[in-house]
Amino acid sequence: MVCVLILAAAAGAVAAFLILRIWVVLRSRDFTPRESLSILVVAGSGGHTTEILRLLGSLSNAYSPRHYVIADTDEMSANKINSFELDRADRDPSNMYTKYYIHRIPRSREVRQSWPSTVFTTLHSMWLSFPLIHQVKPDLVLCNGPGTCVPICVSALLLGILGIKKVIIVYVESICRVETLSLSGKILFHLSDYFIVQWPALKEKYPQSVYLGRIV
Amino acid sequence: MKCVFVTVGTTSFDDLIACVSAPDSLQKIESLGYNRLILQIGRGTVVPEPFSTESFTLDVYRYKDSLREDIQKADLVISHAGAGSCLEALEKGKPLVVVINEKLMNNHQLELAKQLHKEGHLFYCTCSTLPGLLQSMDLSTLKCYPPGQPEKFSAFLDKVVGLQK
């Protein structure tokens, strides 16, 4: 009887501690000045990759090294990323930071995949995302909506919760989203440090989001 | 040579390809003054047979590294509602007709097409209403599309992550 009570108390304490850690990690803002930061970019298929590369194109070389995460079945994104990085290196030969990496993880969900099976594939992606995030330990994660980004962002959050590293999570909702958020957006709205929307209707619905106009 | 470029990006949109390559659609497109139709079919399973006559040419392919050239030489772009395809066409100043794929989950692409239509930058329709729209639309009413400003994103991010200027 006493054992059960002790176990219950221990479980309660762990739960409370975790909740406190989650709250602290979600609230903390890292404003220390720095000269560079490593960035992990989640590239979804098709337009998602196009949009995120446009955003990356505007960022200076201080955002290096760049780690890209793509779905293992997505060769098109790999090609676009390689072109993008080559172009970048061409335009600035003096640039020392031309190192970039492409990592592949299983897709959380295929287009039109049923929602129940999506739970399983997402958990599987989560299982594989955490070791990747743990190995890379990026300063910042940038993503814009494909299902692939949810396990990545949750893993990044977990790094903070476990006290290993606080990772800044930046989510930019796709320009396709004018009135409603994507499912990834709805989930990551609560978990990201900066949630950027591109249309005024979304800013109205989600006042805590950041609205900079159309940025792609 | 007036050219129509049809693109489905990285997706599969058999209904659109079938619709636009049907004999009466081809006739309509030719009657509107176009003599070349290029179909970029992506992952689709409908693969029309390319042909070339004196008055009309039909080209078909799945992917190219960049659609820039084909968009550049087009006088009209008919596209699926993917953001990448739409923005590329609009940024090149091409008249754009967006066809909504009614078989997509949640049909989130419809939001963007509606918004850009509201702002006067494109026309949109479904496969079944495309022939009617092609007949009736007035491309001269379309307004120029101001490009997005990613520099606002970089300025914002530089500030919040504490990067030194």
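## Exercises on a two-chain predicted model

A search of the whole structure finds 11 salt bridges over all chains, where a salt bridge is a side-chain nitrogen of Lys or Arg within 4 Å of a carboxyl oxygen of Asp or Glu. This is a predicted model, in which local features need pLDDT of at least 70 and side-chain atom pairs count only at pLDDT 80 or more, while totals for chains, interfaces and linings use all residues. Residues are numbered from 1 along each chain as its sequence is written, chains are lettered from A and ligands numbered from 1 in the order in which they are written, and side-chain values use heavy atoms, with hydrogens and water left out.

### Exercise 1: a salt bridge within chain A

Task: Find the partner of A:Arg34 in a salt bridge, and say where both residues sit.

Solution. Step 1: the side chain of A:Arg34 meets that of A:Asp139, at 4.0 Å from N to O. Step 2: A:Asp139 is in the loop between helix 4 and strand 4 of chain A, and A:Arg34 is in the loop between helix 1 (2–27) and strand 1 of chain A. Helices (H or I, at least four residues) and strands (E, at least two) are DSSP runs, numbered from the N terminus. Step 3: the two residues are 105 apart, so this pair links distant parts of the chain. The loop between helix 4 and strand 4 of chain A also holds A:Lys137, which has a positive phi of about 45° although it is not a glycine.

### Exercise 2: the sheet of chain A

Task: Work out the strand order of the open sheet in chain A and name its edge strands.

Solution. Step 1: the seven strands follow the order 3-2-1-4-5-6-7, with parallel pairing. Two strands pair if DSSP finds at least two bridges between them. Step 2: strand 3 (100–105) and strand 7 (210–211) of chain A are the edge strands, each pairing on one side only. Step 3: look at one pair, strand 1 (residues 39–43) and strand 2 (residues 66–71) of chain A, which are joined by five bridges in the parallel sense. Here A:Ala43 stands opposite A:Ile70 in strand 2 of chain A.

### Exercise 3: the sheet of chain B

Task: Explain why strand 3 and strand 7 of chain B each have one side without a neighbour in the sheet.

Solution. Step 1: write down the order of the seven strands in this open sheet of chain B, 3-4-2-1-5-6-7, and note that the pairing is mixed. Step 2: strand 3 (51–52) and strand 7 (123–126) of chain B stand at the edges with a single partner strand each, so one side of each has no neighbour in the sheet. Step 3: strand 7 of chain B runs parallel to strand 6 (residues 96–100) of chain B, and four bridges join them. In this pair, B:Val97 stands opposite B:Phe123 in strand 7 of chain B.

### Exercise 4: where the chains meet

Task: Describe the contact between chain A and chain B.

Solution. Step 1: count the residues, which are 40 from chain A and 34 from chain B, with contact meaning heavy atoms within 4.5 Å. Step 2: the rule finds two salt bridges across the interface of chain A and chain B. One of them joins the side chains of B:Glu91 and A:Arg54, at 2.6 Å from N to O. Step 3: helix 2 (47–57), strand 4 (140–143), strand 5 (168–172) and strand 6 (194–197) of chain A each supply at least two residues of the side of chain A that touches chain B.
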